[in-house]
Amino acid sequence: MEILLEKNVPCELRDGTVLFADVYRPNDGNQYPVLLTRLPYNKNERFYSHRYLDTNRLAAKGYIVIIQDVRGRYASEGEFFPFKFEGQDGFDTVEWAAGLPYSDGNVGMFGLSYYGYTQLLAAAENPPHLKAIFPAQTLSDLREGGFFRKGVNELGLNITWALESIAGDELKRTAADSKVYEEKMRELAGYIDSIEEWYKAAPLKEWPPLKKLGILDYFFEMAEWGPESNAWEQVSLTDEKLKNIKVPAYHIAGWYDCFTGPSISNFIKLNQCSDQTQMLMIGPWAHGDFGFSIGERRFGLHASENWLNYREDLTNLHLRWFDHWLKGIDTGILSEKPVKVFVMGENKWREEETWPLANTSYVPYYFHSEGDANTRFGSGVLSSKLPKREPSDLFIYDPKSPVPTTGGGTLLHTGSLVGPVDQRHVEEREDVLVYTSPVLEEKLEVSGPIKVMLYAKTDGVDTDFTAKLVDVLPDGTAFILTDGIVRASDCYDSIANKVQAYEIDLWATSNVFLPGHQIRVEISSSNFPRFDVNLNTGGTVVADRDSRIARQTIFHDETYPSHILLPVIR
């Protein structure tokens, strides 16, 4: 089939702003359904708009594929403010696409990350011609995975995104001439090349790279909102907006994605409030990386987007989904179980009816030590036995020397390791408490949401606590599975020198701890630059830079049984 490409097709919005899109469609004069994606990363950039799915194959299979630059980005008019206009702009674009002369009036949306979020925000506006969506690795309420995590600023993600993904086009749009643009781009390249140092710059309200470039005012406005600000509701997929979504959705998440929690949350909440079909696939993937080799582990070709469970590639999965909802073709997709999960360790796909899995037992594994669980060489033990009278563990948290981010579900500067990365170097720090189970004699599957209940005391005015779940191999290699963080002030008004209970949400994982392996939990107070550092003063890096050292005490005894709650599959 011959495919026709139309460049820069205009779409006029309700306020007169014109957005531009590239349209790929069969060149045979017939009408077809539309598959629409709306992104801020340049509709001409093949890495974004064509790498994720084979858009030419979508068109060859009888779809009109529309790739649109969102408001204020690249070819489109208007001023860019992340997420703020995507609901109403998405509504207008869906209805415009449905009315194109070569459209049959049925519209679906696809895309990952920001352009997964544009689908959900548009769907919450209920455009009449939107029939189905396929959001992958995307956001929900930005206060819980996006800009914040339990009150902590997701510093690395937001700085990296602003510099690497957004700043370049903004410079081009605002530069007076080509010479100024060239000079500014050279300056931007310098900031990106030395981004590890700029992660440390505070306060954020005066962050030098963007201030000196004179761009992205939204960054400073949003930085000052704070996690409790009502301003987040205008850019977040709140529960009320979720309840307005009336279309079927196929959600994709990754165990090492920076948006694992929000992606799974969208599926769960829509299952609860919507009568439309919701499906979920979770692979061992990082953000935008659907390969089979992530971090320092390989999961087998059947884990990759090119051969999902030896059955099909990701493009074909989309085709089966949209063929059902937009063309009325029985592709068999609704006869499949709605949840597909990749179980690491055994490296197998499993299909289930629900998430969390129906046969889950939530088993506490308690922390034990002789009072010196510091480093992996300490006396920290993890077991299912309740602690009795035991000495507490102490570590010193210095915001000027934070624990470095080492793998996990990150979105940092290109080249930074993401996913399952060996933690042994981190576990040699005195400010990292390490609790390790005995060597397992039988395999143990852990699939589902993970939480740590931590009983802790600090002498700081405010502070953070972090937790990490690790799979330790027989040779000692310690691969991170998932992690989390909590800010004390997000839980309590006053915390200094008081024993408090902190629930640390590690989101979720699926992993079989094989015989000969060990289960490990790390506890500390920082994970930088993935999360901003807590200054221990009550101030934040948004407005302050002065910090103090905090003494952190972790309790594990009959009164304060600190533990991790593991979803064990029997």
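## The second largest pocket

The second largest pocket of this predicted model has a volume of about 580 Å³. A pocket here is an open set of points on a 1 Å grid over the protein atoms alone, where a 1.4 Å probe fits and protein lies on both sides within 12 Å along at least five of seven lines. The volume is the space filled by probe spheres set on those points, with grid points joined across faces, edges and corners.

At least two lining residues each come from α11 (260-273), β19 (444-458) and β22 (500-513). Helix α11 gives the largest share, six residues. Helices (H or I, at least four residues) and strands (E, at least two) are DSSP runs, numbered from the N terminus. By type, the lining holds eleven nonpolar, four polar and ten charged residues. Asp, Glu, Lys and Arg count as charged, Ala, Val, Leu, Ile, Met, Phe, Trp, Tyr, Cys and Pro as nonpolar, and the others, Gly among them, as polar.

## How to read the numbers

Residues are numbered from 1 along each chain as its sequence is written, and side-chain values use heavy atoms, with hydrogens and water left out. Because the model is predicted, local features need pLDDT of at least 70 and side-chain atom pairs count only at pLDDT 80 or more, while totals for chains, interfaces and linings use all residues.

## Aromatic rings around Phe134

The structure contains 35 aromatic pairs. Rings of Phe, Tyr and Trp (its six-membered ring) pair if their centres lie within 6.5 Å; planes under 30 degrees apart count as stacked, over 60 as edge-to-face and the rest as tilted. Phe134 and Trp321 form an edge-to-face pair, because their ring centres are 6.4 Å apart and their planes stand at 85 degrees. Since Phe134 belongs to strand β6 (residues 130-136) and Trp321 to helix α12 (residues 314-327), this pair ties together parts 187 residues apart in sequence. Phe134 is buried at 0% relative accessibility, and Trp321 is buried at 0% as well. Buried means under 20% relative accessible area, exposed over 50%, and partly exposed in between (1.4 Å probe, protein chains only).

Phe134 also pairs with Phe322: with centres 6.3 Å apart and planes at 50 degrees, this pair is tilted. It again links distant parts of the chain, with Phe134 in strand β6 and Phe322 in helix α12, 188 residues apart. Phe134 and Phe322 are both buried.

## Charges over rings

Arg25 lies over the face of Tyr102, 4.0 Å from the ring centre. The charged end of Lys84 sits over the ring of Phe81, at 4.8 Å from its centre. To count, NZ of Lys or CZ of Arg must be within 6 Å of the ring centre and within 35 degrees of the ring normal.

## Helix α3

How many residues of α3 are buried? Ten of its 13 are, so the helix is largely enclosed by the rest of the structure. Among them are Glu86, Asp89, Asp92 and Trp96.

## Backbone details

The peptide bond from Trp355 to Pro356 is cis, with omega near -5 degrees, and Pro356 lies in the loop between β14 (348-352) and β15 (360-368). Phe528 and Pro529 are also joined by a cis peptide bond, with omega about 15 degrees. Pro529 is in the loop between β23 (518-524) and β24 (550-555).

Asn8 is not a glycine, yet has a positive phi of about 55 degrees. Asn8 sits in strand β1 (residues 3-12) and is partly exposed, at 38% relative accessible area. Leu216, not a glycine either, has a positive phi of about 55 degrees. Leu216 lies in the loop between α8 (208-213) and α9 (217-223) and is buried, at 5% relative accessibility.

Methods. On a 1 Å grid over the protein atoms alone, a cavity is a set of points where a 1.4 Å probe fits but cannot get out, and a pocket is an open set with protein on both sides within 12 Å along at least five of seven lines; lining residues have an atom within 4 Å of a point.
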